[in-house]
Amino acid sequence: VVDAYNEIDKPFLINSKFYLALNSLQTAIQYKSSNADRLKFEKAASKLAENFELSIEDIAKELYISRSAFQKKYIEYFGMSPVEYRTKKRLEKAKRLLETTDMPIKEVSDLLGFYDTAYFYKVFKKACAITPKEYRETSKPAF
C-alpha cells in the first residue's frame, strides 16, 4: 500500500521539484539583472556629480527609460532623488572650494552651475544653516 501511495505522488513530487528549480533560476536571473541595473545607476550618479550641465532627461535617455522611471528607480537605489543628489554633491564641492580657495562666492556659484548667486545662498543656507560667506569665515584655520 505504501508503494502504491508513492507511485501516485511521484508526478506531484516531480512537478514540485521542477517548480522549485524554476523559482531558483528566476531568482538568480532577477538578482543578476538587479545588480546590472544598480551598476548602471551608479554610473548615472557619477555623471550627475561630475557634470552639472547634463540634464536628468539626458541620463534617463542613456538608460532607455523615462525621466519618471529613472527618478523612481534612483530613489529606490539611493534614498534620494537625482536632483537632491546633484544638489548634495554641488554643496559638498562648494564647501571644499570655500575652505580651500579665496575664489569669490559668485565664481563658486557659477562654477557649480547655480548661475544665480542669491539662489546659491538660499540653497546653501537651507542645507548648512549658515551662508556661504559665514561658512568660509568659520572654516578658515586660525593662526
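Biologist: Is K89 buried, partly exposed or exposed, and what is its relative accessible area?

Modeller: Buried means under 20% relative accessible area, exposed over 50%, and partly exposed in between (1.4 Å probe, protein chains only). K89 falls in the middle class, partly exposed, because its relative accessible area is 25%.

Biologist: What should I know about the model itself?

Modeller: This is a predicted model, with residues numbered from 1 along each chain as its sequence is written. Local features need pLDDT of at least 70, side-chain atom pairs count only at pLDDT 80 or more, totals for chains, interfaces and linings use all residues, and side-chain values use heavy atoms, leaving out hydrogens and water.

Biologist: Which helix holds K89?

Modeller: Helices are DSSP runs (H or I, at least four residues), numbered from the N terminus. The run covering residues 82–100 includes K89, and this is helix α4.

Biologist: How far apart are the end C-alpha atoms of α4?

Modeller: The expected span of a helix is 1.5 Å times one less than its number of residues. For the 19 residues of α4 that gives 27 Å, which agrees with the separation of its end C-alpha atoms, 27 Å.

Biologist: Which side chain is joined to that of K89 by a polar contact?

Modeller: A polar contact is a pair of N or O atoms within 3.5 Å; within protein, one must be able to donate a hydrogen and the other to accept it, and residues adjacent in sequence count only if both atoms are side-chain atoms. At 3.3 Å, the partner of K89 is E92.

Biologist: How many helices does the protein have?

Modeller: There are 0 strands in the protein. From the N terminus on, its elements run α-α-α-α-α-α-α. The number of helices is 7.

How values were computed: Helix = DSSP H or I, 4+ residues; strand = E, 2+ residues; numbered from the N terminus.
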